[in-house]
Amino acid sequence: MAMHRPVNLKQRRGLILPVILVILLLLGLLSAGFAFYVQADFSAAQAMADRLQCRLAAEAGIQRVCLMLRTERDNPDAWYDNPDEFDQALVWAPGVKPDVIGRPRKFDQAQSDYAYRYSIVADDPFDDELGVRFGITDESSKVNINVASAEQLLKLMSVIVPEDVDPQPLVDALIDWRDADDEPREFGAESEYYAGLPVPYRCKNAPFETVEELLMVKGFDGRILYGEDYDRNGLLTNNEDDGDASFPPDNGDGVLSRGLAPYVTVYSSDYNVANDNKPRINLLMADKAKLREELTEAFENENIVDFIIDGTRTEGTDKTESLADYLEPRVIHNTMTASPIQGQAAATLFDKCTLDPAPQRVGLINVVTAPPIVLSCIEGLPSEAILPICEKRASISGPIKGTTAWLVTEKILNAAQYAAVQNEITGRSRQFTIQSIGFGDHLGLYVRLQAVVEMRGPLAQIIYYRDLTRLGVGFPIRGEEGDRRIVRGNQ
């Protein structure tokens with residue numbers, strides 16, 4: 001008969017305590033893990049909420065610009081570089097009065113560090129790669145690659161592209177991409193070339209829809225389109241001036257190569273209407289009675305009306321060559337008579353009258369905002385006129401710059417010179433690029449948005465929209481006084 005060993009109750013009781021401790025430890029770890037998970041989930045949700053708030057702040061900046069353009073579209077002084085409107089503008093802060101919403105930091109007097117703001121920023125093409133412009137960029141200050149001639153494109157690219165790149169093949173390939181035929185230019189490419197690529201596709205043979213589409217064209221790459229400006233802000237930062245030490249590749253010469261992108265567009269176009277959106281008066285219309293009626297309404301001065309009508313057909317020609325001809329003295333009844341069109345009347349003439357009845361004009365270059373490199377692409381514009389244009393437009397008021405009359409009234413161009421360029425230039429824009437950065441005073445987060453808006457009368461329509469946050473903030477957006485300079489390596 002088997003014998004049972006007696007149970008040692010003390011040993012059994014001694015095993016219970018370690019088991020309980022292990023269970024409590026596991027429960028503690030499980031609780032801690034769950035608490036950590038909940039906290040992480042909460043932090044992620046809070047970060048998403050903060051990022052959404054920053055995005056909404058950036059969106060508010062875009063809408064603020066659209067609101068301004070309803071009334072100030074033809075006044076570059078209001079939107080080109082205006083830190084009093086666009087530098088760290090307040091969107092929301094606890095306890096602030098409604099009348100300070102939308103005002104920059106130096107005006108809002110917000111007492112709390114908890115605030116959401118936006119800054120409207122842009123590259124200043126006239127600076128030394130260090131200055132920041134608080135404003136927007138009009139697309140008419142650029143060369144439209146859909147209508148630019150081969151000569152214009154070659155002149156632009158000869159200055160922009162690196163010295164080791166021949167610009168002529170780029171020009172030929174660009175024109176082949178946009179034209180309707182399948183005949184390649186001398187150094188160009190049509191569908192036969194693109195079909196032989198590792199990932200084949202067809203030549204578009206139609207206008208460009210975006211500037212980035214250039215990256216599909218033979219010979220174009222990021223180096224050509226963006227140069228050394230990896231973050232696309234027009235500012236020379238350390239990684240863009242260190243040779244091959246870090247991305248992007250650069251020559252380390254202390255000068256930023258901006259690439260082609262800041263100087264070209266596909267959006268610039270304008271209706272042939274006056275600044276009040278009424279159709280311009282065709283000075284060459286056959287019905288002279290109707291012409292007199294419309295001119296009388298526009299000028300309210302019979303001497304000016306008579307002078308214009310008498311000059312619509314000049315000796316030896318069947319039409320007036322240029323609007324500038326009306327500002328010149330004229331022989332009337334065998335007597336040299338000075339033009340009565342001076343001052344505001346000259347601006348009215350250029351705004352409300354036209355010699356070109358076409359309903360829409362594409363690719364006109366805005367002489368009020370275009371940088372010198374773009375002005376040099378205007379066919380027929382004397383090179384010696386570029387510097388006076390840039391100097392004079394900085395000293396005259398916004399409303400005067402709403403037309404191109406000042407080129408003649410300020411004696412930068414004579415009537416013959418103006419006639420050579422009148423069909424290529426404008427004094428206003430209808431499409432604008434906006435870069436809006438939304439951020440919080442209490443956060444390290446930001447959202448950087450880019451939008452192109454087109455003004456259709458008083459209404460703004462977004463025709464291009466892109467999130468540039470992954471490129472980095474790009475611009476100095478913080479500071480008690482809105483620092484308008486960037487310290488290299490400390491942005």
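**Loops and backbone**

Modeller: P248 sits in the loop between helix 8 (222-226) and strand 7 (264-265). Bear in mind that this is a predicted model.

Colleague: What is the peptide bond from F247 to P248, cis or trans?

Modeller: Most peptide bonds are trans. The bond from F247 to P248 has omega near 5°. That bond is cis.

Colleague: Where is Q88 found, and is Q88 buried or exposed?

Modeller: Q88 lies in the loop between helix 3 (83-86) and strand 1 (89-92). Its phi is positive, about 55°, although Q88 is not a glycine. Buried means under 20% relative accessible area. Q88 has a relative accessible area of 1%, so Q88 is buried.

Colleague: Is K411 buried or exposed?

Modeller: K411 is in the loop between helix 14 (406-409) and helix 15 (415-421), and K411 has a positive phi of about 60° although it is not a glycine. Exposed means over 50% relative accessible area. The relative accessible area of K411 is 73%, so K411 is exposed.

Colleague: What distance separates the C-alpha atoms of K411 and P388?

Modeller: Along the chain, K411 and P388 are 23 residues apart.

Colleague: Why is strand 16 described as largely enclosed by the rest of the structure?

Modeller: Strand 16 covers residues 431-440. Q431, T433, Q435, I437 and F439 point one way, F432, I434, S436, G438 and G440 point the other way, and all are buried. In a regular strand the side chains alternate between the two faces of the sheet. Strand 16 is largely enclosed because the number of its residues that are buried is ten of ten.

Colleague: How many bridges join strand 16 to strand 17?

Modeller: Strand 16 and strand 17 (residues 446-456) run antiparallel and form a hairpin with five residues between them. One of the bridge pairs is T433 with V452 in strand 17. The bridges joining strand 16 to strand 17 number nine.

Colleague: Which residue of strand 16 is the bridge partner of D138?

Modeller: Strand 5 (residues 137-138) runs antiparallel to strand 16, and two bridges join them. Strand 2 (residues 116-120) is also antiparallel to strand 16, with five bridges, and there Y116 stands opposite G440. For D138, the partner in strand 16 is F432.

Colleague: How many residues in the contact of helix 9 with helix 10 are nonpolar?

Modeller: Helix 9 contributes L291, R292, L295, T296 and F299, and helix 10 contributes E302, I304, V305, D306, I308 and I309. By class, one is polar, three are charged, and the nonpolar residues number seven.

Colleague: What covers the buried residues of helix 11?

Modeller: Seven of the nine residues of helix 11 (residues 344-352) are buried, so helix 11 is largely enclosed by the rest of the structure. The buried ones are A345, A346, A347, T348, L349, F350 and D351. Their cover includes helix 9, helix 10, strand 12 (353-354), helix 14 and helix 15.

Methods
Residues numbered from 1 in each chain as written. Predicted model: local features only at pLDDT ≥ 70, side-chain atom pairs only at ≥ 80, totals over all residues. Heavy atoms only, no water. Contact = heavy atoms within 4.5 Å. Helix = DSSP H or I, 4+ residues; strand = E, 2+ residues; numbered from the N terminus. Nonpolar A, V, L, I, M, F, W, Y, C, P; charged D, E, K, R; others polar. Buried < 20%, exposed > 50% of the residue type's maximum accessible area, 1.4 Å probe, protein only. Pairing = 2+ DSSP bridges.
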